[in-house]
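Here is a friendly walk through a protein model, written to be read with the structure open beside you.

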Amino acid sequence: MRDDAPAWTAGASSFMQSGLVTTIAILTAAGSGTRLGRDIPKALVEIDGVPLVTHAARRLAASGVVDSIVVTCPPGLASVVADVVARDALVGVPVRVVDGGATRQASVAAGLALAGPDDDVVLVHDAARPFASAALVRRVVSAVRDGHRAVVPGVPVVDTIKTVTDADLPPAPAPSGTGAMGAVVAEPVISTPQRAQLRAVQTPQGFDRALLERAHDAAAHRAVDAPATDDAGLVEALGERVVVVAGEDAALKVTTERDLVLATLYARQAEKDPGDGARPVGGAHARSGADR
Ligand code: CTP
Ligand code: MG
């Protein structure tokens with residue numbers, strides 16, 4: 001643990017008792033950024049002259065609770081990624097770079113393989129969320145240190161969400177007198193989950209290392225054909241408990257050009273007001289009837 005990291009005390013789980021407690025962050029940056037559509041991988045796209053992966057690494061390091069970072073990179077780009085992350089003056093923790101896999105799940109597994117015996121806590125964070133704050137990183141690690149072995153940040157959702165079947169239904173026949181309807185694909189709705197119980201989850205997600213390793217081992221067979229979109233899902237598949245802590249707007253994932261504009265806005269806001277930006281979940285807030 002770094003000298004300037006907070007001293008963890010009450011409620012610590014059994015892994016705290018060894019005295020040698022370190023936190024490793026796996027920073028996933030091996031995606032190609034197809035939906036962004038640039039001619040370089042998304043993690044290397046710059047905001048204010050700094051690549052997304054570097055923005056993310058800076059905030060992990062600034063949290064004071066991350067001891068080292070492993071970046072998963074697109075095959076062939078290890079030295080480029082090392083240049084922009086490991087040599088950045090504001091990333092003040094050791095950085096290693098590893099080739100990612102064909103899917104995010106495979107990339108995380110490649111990073112996890114580099115965790116050392118002293119790395120009791122593992123964070124998994126997307127370079128595509130460049131402005132997730134240091135306060136959010138601390139909140140997630142704190143919850144793991146408090147004994148929650150799988151922790152995800154989440155925010156209440158504003159839209160009502162429907163579950164649909166993936167049946168690719170043929171277009172409905174045109175009602176008589178209205179002319180041809182064209183090729184409208186209609187998906188049958190199965191259910192409408194209670195919105196107050198839904199959370200849109202973000203990264204960094206934090207785990208007891210042994211639990212995350214068990215989850216990835218158990219799911220290794222599906223890493224390419226049916227990969228998980230987040231790590232907590234793999235822990236849930238083991239039947240183990242995952243908890244949600246307050247996420248934040250600034251942890252938005254950059255997927256499209258529009259998100260780049262939004263992320264830039266959050267970055268500017270954070271510069272002006274470096275408060276913790278937490279979006280509370282649970283309790284009266286989530287059940288509030290204000291927007292019914
Ligand atoms: N990622 C990864 N290895 C992969 C695929 C994705 O490390 N094989 C990382 C991405 O770099 C990103 C995070 O996982 O930081 C979330 O993925 P996503 O937002 O889907 O990014 P991309 O896969 O790069 O984008 P797209 O799906 O549009 O191609
Ligand atoms: Mg992707």
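Let's begin with Arg-139, which sits in helix H4, residues 134-145. Keep in mind as you read that this is a predicted model. Is Arg-139 buried or exposed? Its relative accessible area is 19%, and because the cut-off for buried is under 20%, Arg-139 counts as buried.

Arg-139 and Pro-153 are 14 residues apart in sequence, and their C-alpha atoms lie 8.7 Å apart in space.

## The whole protein

Stepping back, the protein has 292 residues, of which 45% are buried. Its secondary structure consists of 8 helices and 13 strands. The accessible surface is about 14,600 Å², with 54% of that belonging to carbon and sulfur atoms.

## Where H1 meets H4

Two packed helices are described by the angle between their axes and the distance between the axes. For helix H1 (residues 52-62) and H4, the axes come within 8 Å and cross at roughly 55°. On the H1 side, the contact is made by Arg-59, Leu-60 and Ala-62, while H4 brings Ala-134, Val-137 and Arg-138. By type, the residues of this contact divide into 4 nonpolar, 2 charged and no polar.

H1 itself is mostly covered, with 8 of its 11 residues buried. The buried residues of H1 are Leu-52, Val-53, Thr-54, His-55, Ala-56, Ala-57, Leu-60 and Ala-61. After H1 comes Gly-64, which has a positive phi near 80°.

His-216 belongs to helix H5, residues 209-219. With a relative accessible area of 5%, His-216 is buried. Which residues does His-216 touch, not counting those up to four places away in sequence? They are Gln-105, Val-108, Ala-109, Leu-112, Asp-231 and Leu-234.

Ala-115 is found in the loop between helix H3 (104-112) and strand E6 (119-126). Although it is in a loop, Ala-115 is buried, at 17% relative accessible area. Leaving aside neighbours within four places in sequence, Ala-115 is in contact with Ile-24 and Arg-209. Thr-23 is 92 residues from Ala-115 along the chain, and the C-alpha atoms of the two are separated by 9.3 Å.

## Backbone details to look for

Most residues other than glycine have a negative phi, and most peptide bonds are trans. Two places in this model are worth a look with that in mind. One is the peptide bond joining Thr-203 and Pro-204, which is cis, with omega about 10°. Pro-204 lies in the loop between strand E10 (199-201) and strand E11 (205-208).

The other is Asp-48, which is not a glycine and yet has a positive phi of about 55°. Asp-48 is in the loop between strand E2 (46-47) and strand E3 (50-51). At 47% relative accessibility, Asp-48 counts as partly exposed.

How values were computed:
Residues are numbered from 1 along each chain as its sequence is written. Chains are lettered from A and ligands numbered from 1 in the order in which they are written. This is a predicted model: local features need pLDDT of at least 70, side-chain atom pairs count only at pLDDT 80 or more; totals for chains, interfaces and linings use all residues. Side-chain values use heavy atoms; hydrogens and water are left out. Helices (H or I, at least four residues) and strands (E, at least two) are DSSP runs, numbered from the N terminus. Buried means under 20% relative accessible area, exposed over 50%, partly exposed in between (1.4 Å probe, protein chains only). Axes are lines fitted to C-alpha atoms, for helices over the stretch in contact, and angles run from 0 to 180 degrees between N-to-C directions. Contact means heavy atoms within 4.5 Å. Ala, Val, Leu, Ile, Met, Phe, Trp, Tyr, Cys and Pro count as nonpolar, Asp, Glu, Lys and Arg as charged, and the others, Gly among them, as polar. Accessible areas come from the Shrake-Rupley method with a 1.4 Å probe; for residues, only the protein chains shown count as cover.
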